[in-house]
Amino acid sequence: MPHGLDRLSLGRTLGVPWITVGINAVLVGTMTNTRSARRIAQNIARLPIRTACSIARRFDSNYDLERQAKALPERIGAQRLAQLRAIPGCCSERECRLVAHLVTMAPSGGEIVEIGAFKGRVTGWLIEAAQMRPDRPVVASVDPHGWGTRADFEKTVADLGLAERGLRVHYADSRELGRTWSKPIIFLWIDGSHEYDDVRQDIDNFTPHVVREGLIAFDDSAGGTFPDVERAVAEWEAASGAYKRIATLRNVSVFRRIA
Ligand SMILES: C[S@@+](CC[C@H](N)C(=O)[O-])C[C@H]1O[C@@H](n2cnc3c(N)ncnc32)[C@H](O)[C@@H]1O
């Protein structure tokens with residue numbers, strides 16, 4: 001092969017892919033910039049509505065619980081709070097605070113039950129709040145950890161000493177465990193399967209054990225993101241008669257047993 005052609009083919013071999021990479025990088029960069037720009041524009045467009053909603057929430061008594069819950073971290077030491085905040089999970093700190101506040105409000109005479117623990121973020125807050133109560137109720141955490149979260153969950157349990165502070169772990173599917181559940185429940189937090197039939201089963205199996213004045217909170221039961229959960233909760237609410245909805249806080253619905 002002549003020397004010139006050799007150099008040309010070498011140039012093609014080395015140059016063309018780099019040119020392609022360069023063009024791709026520019027395209028990706030432009031797309032990313034366009035996407036970022038679109039996101040920024042959307043956020044700016046939503047700002048007035050978000051501000052209006054946030055002002056409205058300040059005066060909405062429905063949000064009293066959320067406002068009260070804001071004070072809860074003051075009762076937790078700085079080191080423990082940092083540990084709680086470092087636990088990975090799906091629930092925001094606002095939700096964790098709310099759930100913990102509900103634990104402090106619940107009557108006595110039973111266990112706290114969590115369905116859907118993931119990596120133990122809410123679990124940590126549940127234990128923290130349970131330990132603030134004079135009766136220090138057990139927190140029963142139910143999750144088969146089929147999403148591969150068992151190691152992370154156990155790390156949370158070990159790092160925060162949850163087992164020594166009242167946690168009882170059920171590596172189980174709530175639909176199975178629920179069939180034989182028999183203990184009274186003072187606070188039930190449902191954030192497990194988000195399928196309609198599964199939510200109905202959790203409701204049917206666990207709510208009969210909630211004591212009078214006991215509390216139930218359903219994650220993702222409002223706000224339009226999980227219609228299956230919303231439908232299951234709405235149907236139960238309409239049919240039950242034994243519970244009163246005491247708040248709907250963004251995506252969380254809170255009920256108290258009244259009969
Ligand atoms: C949305 S995540 C929970 C997030 C968690 N509250 C947090 O603080 O990050 C849902 C969890 O429910 C669990 N789950 C799904 N189906 C379940 C079932 N039938 N019984 C118990 N847990 C279930 C999943 O394994 C997963 O860990």
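Which residues does aspartate 219 touch, not counting residues up to four places away in sequence? In this predicted model, the partners are Cys91, Glu95, Trp189, Ile190, Asp191, Val229, Asn251 and Val252. Aspartate 219 sits in the loop between strand 5 (210–218) and helix 9 (227–240). The residue counts as buried because its relative accessibility is 5%, and the cut-off for buried is under 20%. One of its contacts is polar: the side chain of aspartate 219 meets the side chain of asparagine 251 at 3.3 Å. Leucine 249 lies 30 residues away from aspartate 219 along the chain, and their C-alpha atoms are 9.7 Å apart.

Leaving out residues up to four places away in sequence, aspartate 198 touches Arg175 and Ser193. With arginine 175 there is a polar contact between side chains, at 3.1 Å.

The ligand takes up the space of the largest pocket. Around it are 19 residues, of which Cys90, Asp143, Asp173, Ser174 and Asp191 come nearest. Helix 5 (121–130) and helix 7 (174–180) each give at least two residues to this shell. An N or O atom in the side chain of aspartate 143 is 2.7 Å from a ligand oxygen atom. A backbone N or O atom of serine 174 is 2.9 Å from a ligand nitrogen atom. For serine 193, a polar backbone atom lies 3.4 Å from a nitrogen atom of the ligand. Taken alone, the ligand exposes 600 Å², and the protein buries 94% of that.

Definitions and conventions
Residues are numbered from 1 along each chain as its sequence is written. This is a predicted model: local features need pLDDT of at least 70, side-chain atom pairs count only at pLDDT 80 or more; totals for chains, interfaces and linings use all residues. Side-chain values use heavy atoms; hydrogens and water are left out. Helices (H or I, at least four residues) and strands (E, at least two) are DSSP runs, numbered from the N terminus. Buried means under 20% relative accessible area, exposed over 50%, partly exposed in between (1.4 Å probe, protein chains only). Contact means heavy atoms within 4.5 Å. A polar contact is a pair of N or O atoms within 3.5 Å; within protein, one must be able to donate a hydrogen and the other to accept it, and residues adjacent in sequence count only if both atoms are side-chain atoms. A residue is near a molecule or strand if one of its heavy atoms lies within 4 Å of it. Accessible areas come from the Shrake-Rupley method with a 1.4 Å probe; for residues, only the protein chains shown count as cover. On a 1 Å grid over the protein atoms alone, a cavity is a set of points where a 1.4 Å probe fits but cannot get out, and a pocket is an open set with protein on both sides within 12 Å along at least five of seven lines; lining residues have an atom within 4 Å of a point. A molecule sits in a cavity or pocket if more than half of its atoms lie within 2 Å of its grid points.
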